[in-house]
Amino acid sequence: MKTIIKNATATSPYLELNGENGTITVKGRAIDYNPNEFWATIFDWMADYLENPLKSTTINLHFEYINTLSTKKLFVLLKLIEFNTGKNTNIQINWISDADDEDMIELGQDINSLLKSNMNFVRDYDFMETHAA
């Protein structure tokens with residue numbers, strides 16, 4: 001499975017879809033008013049990945065800001081992943097936010113309440129320490 005990396009822009013976040021280790025990372029600001037192209041990349045890759053997912057899939061979501069349109073796309077993506085992965089696949093969703101960013105923490109909690117999977121809530125500096133090279 002191929003890996004796709006897209007650098008962040010002024011309106012779209014950094015994106016890494018790593019098929020070799022089953023890691024999806026989205027980090028930055030998702031404020032594009034027409035986010036279809038950005039999210040289509042993820043949905044297309046995910047459709048291929050879900051045909052033969054790894055035993056463990058990690059999704060790292062670290063938004064500085066995410067607008068309503070992108071929040072809807074993100075929620076659909078997470079539900080798609082939940083619906084299409086079997087019991088043999090472990091999904092870990094990390095909602096990473098700055099420790100004092102109450103808006104992002106609350107948004108993550110709202111999304112989490114609608115999912116079957118439980119998100120891990122990680123403060124930014126904790127995540128960086130545990131995932132440093």
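View 1. Helix α1, residues 36–49, lies across β1, β2 (14–18), β3 and β4. Its direction runs at about 10 degrees to that of β2. Keep in mind for this and every other view that the model is predicted. Helix α2 (residues 68–84) packs on the sheet too, where it touches β3, β4 and β5 (90–97). The direction of α2 makes about 170 degrees with that of β4.

View 2. Reading across, you get β1-β2-β3-β4-β5-β6, with mixed pairing. At the edges sit β1 (3–6) and β6 (120–123), and each of these pairs on one side only. Going from strand to neighbouring strand, the turn is 15 degrees on average, direction ignored.

**View 3. Strands β1, β2 and β3 are joined by antiparallel pairing.** Start with β1 and β2, which pair in the antiparallel sense over four bridges. Here Lys6 stands opposite Leu15 in β2. Then move on to β2 and β3, also antiparallel, with five bridges. In this pairing, look for Leu17, which stands opposite Ile24 in β3.

**View 4. Strands β3 and β4 pair in the parallel sense.** Zoom in on β3 (residues 23–30) beside β4 (residues 56–66) and you'll find eight bridges.

**View 5. Helices α1 and α2 pack against each other.** The angle between α1 and α2 is about 5 degrees, and their axes are 11 Å apart. Since angles under 35 degrees count as roughly parallel, that is the label this helix pair gets. On the α1 side, the contact is made by Asn36, Trp39, Ile42, Phe43 and Met46. Facing them from α2 are Ser70, Lys73, Leu74, Val76, Leu77, Leu80 and Ile81. Sort the contact of α1 with α2 by class and you get nine nonpolar, two polar and one charged residues.

**View 6. Phe38 and Trp39 make an edge-to-face aromatic pair.** A pair of aromatic rings is described by the distance of the centres and the angle of the planes. The model has three aromatic pairs, and one of them is Phe38 with Trp39. The two rings are 5.4 Å apart centre to centre, with 85 degrees between the planes.

**View 7. Phe63 and Trp95 form a tilted aromatic pair.** For Phe63 and Trp95, the distance is 5.9 Å centre to centre and the planes make an angle of 45 degrees.

Methods. Residues numbered from 1 in each chain as written. Predicted model: local features only at pLDDT ≥ 70, side-chain atom pairs only at ≥ 80, totals over all residues. Heavy atoms only, no water. Pairing = 2+ DSSP bridges. Helix = DSSP H or I, 4+ residues; strand = E, 2+ residues; numbered from the N terminus. Axes fitted to C-alpha atoms, helices over the stretch in contact; angles between N-to-C directions. Contact = heavy atoms within 4.5 Å. Parallel < 35°, antiparallel > 145°, perpendicular 65-115°, else oblique. Nonpolar A, V, L, I, M, F, W, Y, C, P; charged D, E, K, R; others polar. Phe/Tyr/Trp six-rings, centres within 6.5 Å; stacked < 30°, edge-to-face > 60°.
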